[in-house]
Amino acid sequence: MRGSPLHQHPSADPAALPWAAPASAAAPAPAAQQPYRPGPVAPQPAAPQPVVNQQAVNQQAVSPSAVGRPEAVPSQLPSLDLRGAGTRPAVDPQVARELKRQVAAELHQQIARLTTASGSEPDRATRRQRGRALIEEAVARWSDAYAQTHGIPPTRDQDRALSEAVFDLLFRAGRLQPYLDDPEIENILINGCDDVWVSKVHQPLRQVPPVADSDAELVELLQDLARQHGGGERSLSTASPTLALRLEGGMRLQALTEVTPRPYVAIRRHRVASATLPEMVELGTLDATLAAFLASAIRARKNVMITGTQGVGKTSLLRAMAAEIPPDERIGTLESEFELWLHTLGHLRQVVPMEAREGNGERVDGRLAGELTLGDLIPAALRMTLSRIIVGEVRSGEVVPMLRVMTNGEGGSMCTLHARGPHMVVDRIAELCLEYGSHMTDALAYRLTANALDLIVHVTMVDETAVGGRRHRFVSHVLEVTGLGESGRPALNTVFGPRPEYGEPRAVPHTPPQCLDDLRRAGFDASLLGSRYGSWAAPLQLRIGGGPR
């Protein structure tokens, strides 16, 4: 039994057990310990696989009695889970899935009894507490059966690893969870269950072990995550082949199935969760001069749009700029999936967070039943007595009500927009405006933009990981919108921009803005704009391009 001398004093070296983690299973050293390599990181060699009676493994995985007589040999998967610091023993996924099914059935019965007794369903914390206890019992039974069959009990670390694997399957992201727990991983790309890639800080993509044994199991995992989301009717099925949701820790997941040959998943992590503008200066995103300029623009209630391509840090910069809003102002945030988390960071005391809701697959008058888009939420937000509205990401026709909010409100609203270059932003806004309705024209879109926006802040990334460098994310331009120009398009003034003649691709002062007096009233020191180098101590050090001043 669990407390027997046999379990406490194994009669054999634990390294000889089939549960022993291979020496090569340890996670790679963090990027900070191996900052630069002369070229792409070579893929890690696969660990040797033990000889396994696959027929016996498959039989025990589907048979309840198999848990009493375990024969499966765990797969040699490297662990990236920081809870084990990269040394967590490998776990047979088939055994973990079988225990998960048993625990899920027992937990369902317990929850049903609790609901009947109390008249309401237990909360999430109670479910997890009950589930954890059931998992420990199930793993103890399996471990005792293994010891009786083989005469060599698993160690406590191995039992703990199996418990965590079952818990992850039941309440978290299953075999995907170790990658979510690694703070060095920025992106997880899944092209079917057995084609998984991750990118770490300042490292190129590398392939890692599968997160499921089949595409059907991967889809089941995604469906479980959708049910755990708690943000409305989000699902992944034939009727709803796309899935977008937030994960624990603020990560964002986008999945496709049915419309693709295999399930495809992309997961992005915001590594800068709650930085302020001074902290963004330390990260190299901007210098102290630009930080002071943007802080005064927020205090002066200028409407700001942050632009750039995917993954350059638009949301992180937006979050940092929002930290400059006076704490007692009442603001609203509108997002497809919560990423800003301004209502949880603590600086702002009155935040009304709003999240869009997907429909349930049935169309009524051309729309999905139950769907609420960002455009639908903006009119309701205007009735919440908000001094500012922040839209996490403008993607479609909601740009029109957003621009109208900026035009008619008190000012100080912000949003982000995908655009490849700063001077493409105006046309990009016009394209999205045309999606709003047939009555919209280019001329009206340009007029809306000119009246609504004060500043466009463009963020750029230079990725030199392929040549042994790092990823550089920084603000490259700040453009002031100064009304309609002679051609009927918004006129743009480059307040901050790169100086390629000095080898500086980052934003440094160019032309003083027309709104300089407003910024000075908000505390900005105009003399900071006198340096053509800004506050940078030296040009950005790039492996290709750049140069001394």
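Reader: Two strands count as paired once DSSP finds at least two bridges between them. On that basis, what is the strand order in the open sheet of six strands?
Author: This is a predicted model. In it, the order is β3-β2-β1-β6-β5-β4, and the pairing is antiparallel.

Reader: Which are the edge strands?
Author: β3 (206–208) and β4 (242–246). Each of them pairs on one side only.

Reader: How are neighbouring strands of this sheet turned against each other, on average?
Author: By 20°, direction ignored.

Reader: Take β1 and β2. How many bridges join them?
Author: Five bridges link β1 (residues 185–191) with β2 (residues 196–200). The two strands run antiparallel.

Reader: What stands opposite Leu189 there?
Author: Trp197, in β2.

Reader: Next, the open sheet of nine strands. What order, and what pairing?
Author: The order is β9-β8-β12-β13-β7-β14-β15-β16-β17. Pairing in this sheet is mixed.

Reader: Why is one side of β9 and of β17 left without a neighbour in the sheet?
Author: β9 (350–355) and β17 (504–509) stand at the edges with a single partner strand each, so one side of each has no neighbour in the sheet.

Reader: And how are neighbouring strands turned here, on average?
Author: By 25°, again with direction ignored.

Reader: Which strands does helix α12 touch?
Author: Helix α12 (residues 374–382) packs on the sheet and touches β8 (330–335), β9 and β12. Its direction makes about 170° with that of β8.

Reader: How many bridges does β7 have with β13?
Author: Five, in the parallel sense. One example: Ile306 has Thr416 in β13 as its bridge partner.

Reader: And how many join β7 to β14?
Author: Four bridges connect β7 and β14 (residues 455–463), also running parallel. Met305 stands opposite Ile456 in β14.

Reader: What pairs with β12 in the parallel sense?
Author: β13 (residues 414–418) pairs with β12 (residues 388–394) over three bridges. Ile390 stands opposite Met414 in β13.

Reader: What about helix α10: buried or exposed?
Author: Nine of the nine residues of α10 (residues 314–322) are buried, so the helix is largely enclosed by the rest of the structure. Among the buried residues are Lys314 and Arg319.

Reader: New topic. At what angle do α13 and α14 pack?
Author: About 115°, with their axes 8 Å apart. That is α13 (residues 399–408) on α14 (residues 425–434).

Reader: Which residues meet?
Author: Val399, Val400 and Leu403 of α13 meet Ile429, Leu432 and Cys433 of α14. By class, the contact has six nonpolar residues, no polar ones and no charged ones.

Reader: Last one, backbone. Where does Arg301 lie?
Author: In the loop between α9 (288–299) and β7. Arg301 has a positive phi of about 60°, although it is not a glycine.

Reader: And Thr385: what is phi there?
Author: Near 55°, a positive value in a residue other than glycine. Most residues other than glycine have a negative phi. Thr385 lies in the loop between α12 and β12.

Reader: Is Thr385 buried or exposed?
Author: Thr385 is exposed, with a relative accessible area of 65%.

Definitions and conventions:
Residues numbered from 1 in each chain as written. Predicted model: local features only at pLDDT ≥ 70, side-chain atom pairs only at ≥ 80, totals over all residues. Heavy atoms only, no water. Axes fitted to C-alpha atoms, helices over the stretch in contact; angles between N-to-C directions. Contact = heavy atoms within 4.5 Å. Buried < 20%, exposed > 50% of the residue type's maximum accessible area, 1.4 Å probe, protein only. Nonpolar A, V, L, I, M, F, W, Y, C, P; charged D, E, K, R; others polar.
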